[in-house]
Amino acid sequence: MKMSGVWHMYRPGERWWEPESEARVVIRTATVVAPCFHPPIVELLTAKELGLHPIVSALGPDIIRDEFDMDEALRRLRALQDRDVATALLDQKVISGIGNVFKVEALFLAKTSPWAQVRELDDEKLREIVGHARSLIRLNREGGQRRTHFSLKHDELMWVDERAGFPCYECGTTIEQGWHPGDDIRKSWYCPKCQGVDRATLARPAPTPRFPRRHAPLR
């Protein structure tokens, strides 16, 4: 899927939000039609081929599954001791299924700086972070608009994600954003006070995106 692919889900006969000609994969059942638009890569594999696939076979534990292996996830995180915890969480070879939104929201709820290195965090804190990410992803698995901040106000959907310049719901400090070292162009949003972020670690220019980002409706 990378940064451009998106799955939609519809009832049979329901009008699609994008032209049918733009779908590269369509899964149909008696109750659901699921088209996939703009995926960079499409491969059709047998079960045997899937187990030998160089990328799929190397994926970490799938965080949304009922039988998610937390111990294996922590073992793989520990192998990235010198990585920022934010970038380690996005490594699909470590844990499969965490995206940027749930990364920053889980780190906020765990009161942890996105720039803390894995080696600086004990197992209890890593379990807490991964646990928050898992809970939020599973709460959002029915589809619809993603939500992590369950207030009575329906326009307050996220704790920190894309809220730079707005006050933190917990302490009122202005939410900020920053980049991580390396080639990963995804940034982190955070509360400096709640998460104890040292701004000196963020003094670097934003990278130039290597490809355009597409925004598609979530279904």
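Tutor: In this predicted model, Asp 66 and Arg 138 form a salt bridge, with 2.9 Å between the closest N and O atoms. The two residues are 72 apart and belong to distant parts of the chain: Asp 66 is in the loop between H1 and H2, and Arg 138 is in helix H5. Asp 66 is exposed, because its relative accessible area is 59% and the limit for exposed is over 50%.

With a relative accessible area of 31%, Leu 59 is partly exposed. Leu 59 contributes to a nonpolar surface patch of about 380 Å², together with Leu 45, Leu 50, Ile 55 and Val 56. The C-alpha atoms of Gly 97 and Ile 64 are separated by 7.1 Å, although the residues are 33 apart along the chain. Setting aside neighbours within four places in sequence, Gly 97 is in contact with Ile 63, Gln 92 and Ile 137. Gly 97 is itself partly exposed, at a relative accessible area of 41%.

Now the other end. The loop between helix H5 (123-139) and strand E4 (176-178) includes Asn 140. Asn 140 counts as buried because its relative accessibility is 13%, and buried means under 20%. A polar atom of the Asn 140 side chain lies 2.7 Å from the backbone oxygen of Leu 136. Beyond residues up to four places away in sequence, Asn 140 touches Phe 102, Gln 145, Arg 146 and Arg 147.

Helix H5 also takes part in the largest nonpolar core. That core has 27 residues, and those touching the most other members are Ile 63, Leu 77, Leu 89, Ile 95, Ile 129 and Val 130. Two or more residues each come from helix H2 (70-78), helix H3 (85-90), helix H4 (100-109) and H5. H5 gives the largest share, 6 residues. Leu 89 shows how these pieces meet: leaving aside neighbours within four places, its contacts are Leu 77, Ile 95, Ile 98, Lys 103, Leu 107, Ile 129 and Val 130. A second, separate core has 9 residues, among them Phe 108, Val 160, Cys 191 and Cys 194.

For comparison, here are other salt bridges in the chain. The Arg 76 and Glu 72 side chains meet in one, at 2.8 Å from N to O. These two residues are about one helical turn apart, because they are 4 residues apart in helix H2. Arg 76 is partly exposed, at 23% relative accessibility. Glu 72, Arg 75 and Arg 76 are linked in a network of salt bridges. Glu 20 and Arg 28 make another salt bridge through their side chains, at 3.6 Å from N to O. Glu 20 is exposed at a relative accessible area of 53%, and Arg 28 is exposed at 51%. The whole structure has 12 salt bridges.

Of its 219 residues, 40% are buried. Counting contacts between residues at least 6 apart in sequence, 54% join residues at least 24 apart.

Conventions: Residues numbered from 1 in each chain as written. Predicted model: local features only at pLDDT ≥ 70, side-chain atom pairs only at ≥ 80, totals over all residues. Heavy atoms only, no water. Buried < 20%, exposed > 50% of the residue type's maximum accessible area, 1.4 Å probe, protein only. Contact = heavy atoms within 4.5 Å. Polar contact = N/O pair within 3.5 Å; in protein donor to acceptor, adjacent residues only side chain to side chain. Core = buried A, V, L, I, M, F, W, Y, C linked by side-chain atoms within 4.5 Å. Patch = residues over 30% accessible without salt bridge, like charges linked within 9 Å, V, L, I, M, F, W, Y side chains within 5 Å. Areas by Shrake-Rupley, 256 points an atom, 1.4 Å probe, with all protein chains shown as cover. Salt bridge = Lys/Arg side-chain N within 4 Å of Asp/Glu carboxyl O.
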